[in-house]
Amino acid sequence: MKNIKVYLLKFKLFYLKLLGKIKKIDKRIEVNQNKTNKTKNVLIIFPIKDEQFRVALYSLRDLVKKKNISYYYLINSIYKNNFHLNGHIYDLYHNVKKDKVEIDSYFNNEIAMNIKFDIIVDLNNEFVFDISYLINKMSSYYKVGFKNSYSDYFYNVQFDLKSFEILEDGYKQINNLLK
């Protein structure tokens, strides 16, 4: 059954590449000393699985909020009561049986397509097609995620989990990036 899902995913990606809906990110990141580009909008997508969500929430508990930055969060709706970071919070609905993720319709139709995010961070340590495809459609200078076999199509900043001993260290590196 797992092999069928892998082949289906590869077929989807091939089809979307063929149609030109996804392509490898070709944006070069320029590090500028005088920081004329001020970050205004940050989207953080929290993991859809319980254990990873808790580790990510713990790791980002000390996230330093800057005054002029709007923070947007996409979180699995079942963890909404456990979420304590301030900002704009939108729901993800994870259907475990179908292995599908549905994004809040208001976010998907209004926020995602009308706001230019300066940074989009995907904290899922495993590849989630629906979330990655949403990120691919959105406009952002930095798209940050964990390295996997498909990440070149979706993220221009990638963290390799194999280089960290534990998942929390990867989240701490992302937290440092957001400072």
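Before the pairs, the rule I used: two strands pair if DSSP finds at least two bridges between them. Helices (H or I, at least four residues) and strands (E, at least two) are DSSP runs, numbered from the N terminus.

**Ground rules.** I am looking at a predicted model, where local features need pLDDT of at least 70, side-chain atom pairs count only at pLDDT 80 or more, and totals for chains, interfaces and linings use all residues. Residues are numbered from 1 along each chain as its sequence is written, and side-chain values use heavy atoms, with hydrogens and water left out.

**Confidence.** I checked pLDDT, the predictor's confidence in each residue, from 0 to 100. The protein has a mean of 84, and 91% of its residues reach 70 or more. Residues 28-35 fall below 50, and beyond near neighbours in sequence I see seven contacts for this stretch in the model (contact means heavy atoms within 4.5 Å). Where pLDDT is low, the predicted coordinates should not be read in detail.

**Around β2.** Which strands pair with β2? I found β1 (residues 41-45) alongside in the parallel sense, over five bridges, and β3 (residues 88-95), also parallel, over five bridges. Leucine 74 of β2 is the bridge partner of isoleucine 45, and in β3 leucine 74 has tyrosine 90 as its partner. Six of the seven residues of β2 (residues 70-76) are buried, so the rest of the structure largely encloses this strand. Buried here means under 20% relative accessible area, exposed over 50%, partly exposed in between (1.4 Å probe, protein chains only).

**Around β5.** I get six of six residues buried in β5.

**Asparagine 41.** Buried or exposed? Asparagine 41, in strand β1, is buried at a relative accessible area of 15%. Leaving aside neighbours within four places in sequence, its contacts include Ser70, Tyr72, Phe117 and Asp118.

**Helix α5.** I listed the buried residues of α5 (residues 167-178): Leu167, Glu168, Gly170, Tyr171, Ile174, Asn175 and Leu178. Down the helix axis they fall within an arc of 160°, so they line one face (the arc is that of the directions from the helix axis to the C-beta atoms). They pack against β1, α2, β5 (117-122), β6 (140-146) and β7 (157-159).

How values were computed: The expected span of a helix is 1.5 Å times one less than its number of residues.
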